[in-house]
Structure formats: C-alpha cells, structure tokens
Amino acid sequence: MLKPMFRRLKKEAQRIAKNLAPPDFYLDFADEIEISYDFFETDPLVGRLRAYVQDTSGNDFGHGIDHCEKVAMDAGALAHIEGTSVGLDGKALADLLRLAQFAGLLHDIRRKMKDHASEGAVFAKKVLRNYPLSGRDSVSICTAIYNHEAFGGYTRCITRTDRIVSGCLYDSDKFRWGPDNFTTTVWGMVEGLDPSIETFMAHYPAGMEYVERIRSTFRTATGRAYGPQFIDMGLYIGKELLKYIQQEIVKPF
C-alpha cells in the first residue's frame, strides 16, 4: 500500500493528467482501436492467454496485468494500421493482430528479473507451446519480447511479420511512458520499492531524462508520428508534479 504522501502525489499527478486532452493517436485511429479492443475481448486464444497472465503477473512494480492489457490492445491497433499499410486484410490481418496482442500480454512476464526482456522471450517460448501457433509465429512473438526494452538488446527481425510485431510491441509499450507513467506506473514501482521521499526525489531527474530519451526511439511509422506526443504529455505531467513536490512536499521538511 502506498504511504499517504505518495498517495497524495499520485492523486495530484492524476489531476494534472485529467486536464489534458487524449493523445491524438486515440482520436485519429478510433476505428482501429475499437477493432483491437473487440478482438481482445472476443478472440478465444487471446482470452485464454489473458487469463493465464492475469493469474501469474501480480503487480510487478507497476507492470502487471493492467499494463499488459493496455500494451496488448494498443499493439493490436498498431498492427492493424501497419498491416493494412502493407496490403494485409482478412485472416492475415487478424492473425497479425493476434500475434501483436500475444506479445503485449507476455512482454513483461519476467519483469522482476534483471534481464527481463531476454528472460521473458525464453519463458514465452515455453508458454506458447500450449497454443495452436506455428513455430514461425512463436518466433515473431518472442523476437518482439526480446526487442521491447529501450536501449537494451536487439535481435534481427527476419520476416516482415517479425518487424511489424516487434515494432508494434515496442511502440505500444513506450506509449505507456507518456501520461500512464506518471498516473499509474511510477506509483506501482513506489509501492513495491517503498522508498523515502528523499530517495524518490534523488531519482527524479534521472527518471525524467530517461523518459525524454524514449522520445526518439519509436519504430513503426505510426509510432514515430504519434509516440513523441505521448512522451511530451508525460514530461509535462512530470514537470508539473515536480513543481507541486517542491512547493507542497519538500519545503515543509
């Protein structure tokens, strides 16, 4: 459970975020997002994997099932957009969307491990043996999981499907470094680590710098066009929250 001081900061961050308009991605691609959401809710294989992740993920320092579901649905929307752009439709497009959602659900399955992207890819391969996917499809998902960490390891994408799934997972995960980072993720991490306010403040500048670095790393055409806005919104919330901390939290001490 969050300490009262951090609950206060979370509430303030959410207040700041509430005054912002939604990112343009959700407005400009409302149809694709609805398609992804409907697929996520109705596809039996996605539903089965979703239940498995829900049972095994826990909070995982702000990267639990809520985070994975958001990443999966945005990855599915991106896959629909990117797949359509290369001429896919029908079953081929649905299959691509499923792979992206599978990758989104599984990408943080080993979040608490030191090299969680690499370890997650290895573990995901074992999980996927229980699903009626081809070996090639499993490779696409595991490659995406291996490649999803910013500034981390990267393995070459062999096929077009590999590239699309990998890019869509990465970009949807990095969308979460926008408003979600300061309204949800940070507080899950704080709850798990239980730092003092002094420790929290000591790490704040480096955290903001890391978010800024994410801005130029988006991989799909859609991510490169819309991702920076997510980051800018997150940075705005972070800067406004810092002002609040300096005025209302730090000075009284």
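Thr143 is a residue of helix H8, which spans residues 135-146. In this predicted model, Thr143 has a relative accessible area of 10%, so it counts as buried, the cut-off being under 20%. Its surroundings can be described by the residues it touches. With residues up to four places away in sequence not counted, Thr143 is in contact with Thr155, Arg156, Cys157 and Ser166.

Ala79 belongs to helix H5, made up of residues 65-85. Its relative accessibility is 1%, and Ala79 is therefore classed as buried. Once neighbours within four places in sequence are left aside, the contacts of Ala79 are Thr84, Leu93, Leu96, Leu97, Ala100 and Cys168. Ala79 can also be placed relative to Ser36: 43 residues separate the two in sequence, while their C-alpha atoms are 8.9 Å apart in space.

From these two residues, the description moves to the whole chain. The protein chain contains 12 helices and 0 strands, and its pattern along the sequence reads α-α-α-α-α-α-α-α-α-α-α-α. The radius of gyration is 18 Å, close to the 18 Å given by the globule rule for 253 residues, so the chain is as compact as a globular protein of that length. Along the principal axes, the C-alpha atoms occupy a box of roughly 60 × 35 × 30 Å.

Of the 253 residues in the protein chain, 49% are buried. When contacts between residues at least 6 apart in sequence are considered, 76% of them link residues at least 24 apart. The accessible surface of the chain amounts to about 12300 Å², and carbon and sulfur atoms account for 53% of that area.

At least two lining residues come from each of helix H9 (160-175), helix H10 (179-193) and helix H11 (197-214). The greatest contribution is that of H11, with 11 residues. By residue type, the lining of the largest pocket consists of 16 nonpolar, 10 polar and 8 charged residues.

Definitions and conventions: Residues are numbered from 1 along each chain as its sequence is written. This is a predicted model: local features need pLDDT of at least 70, side-chain atom pairs count only at pLDDT 80 or more; totals for chains, interfaces and linings use all residues. Side-chain values use heavy atoms; hydrogens and water are left out. Helices (H or I, at least four residues) and strands (E, at least two) are DSSP runs, numbered from the N terminus. Ala, Val, Leu, Ile, Met, Phe, Trp, Tyr, Cys and Pro count as nonpolar, Asp, Glu, Lys and Arg as charged, and the others, Gly among them, as polar. Buried means under 20% relative accessible area, exposed over 50%, partly exposed in between (1.4 Å probe, protein chains only). Contact means heavy atoms within 4.5 Å. The radius of gyration is taken over C-alpha atoms; the globule rule is 2.2 Å times the number of residues to the power 0.38. Accessible areas come from the Shrake-Rupley method with a 1.4 Å probe; for residues, only the protein chains shown count as cover.
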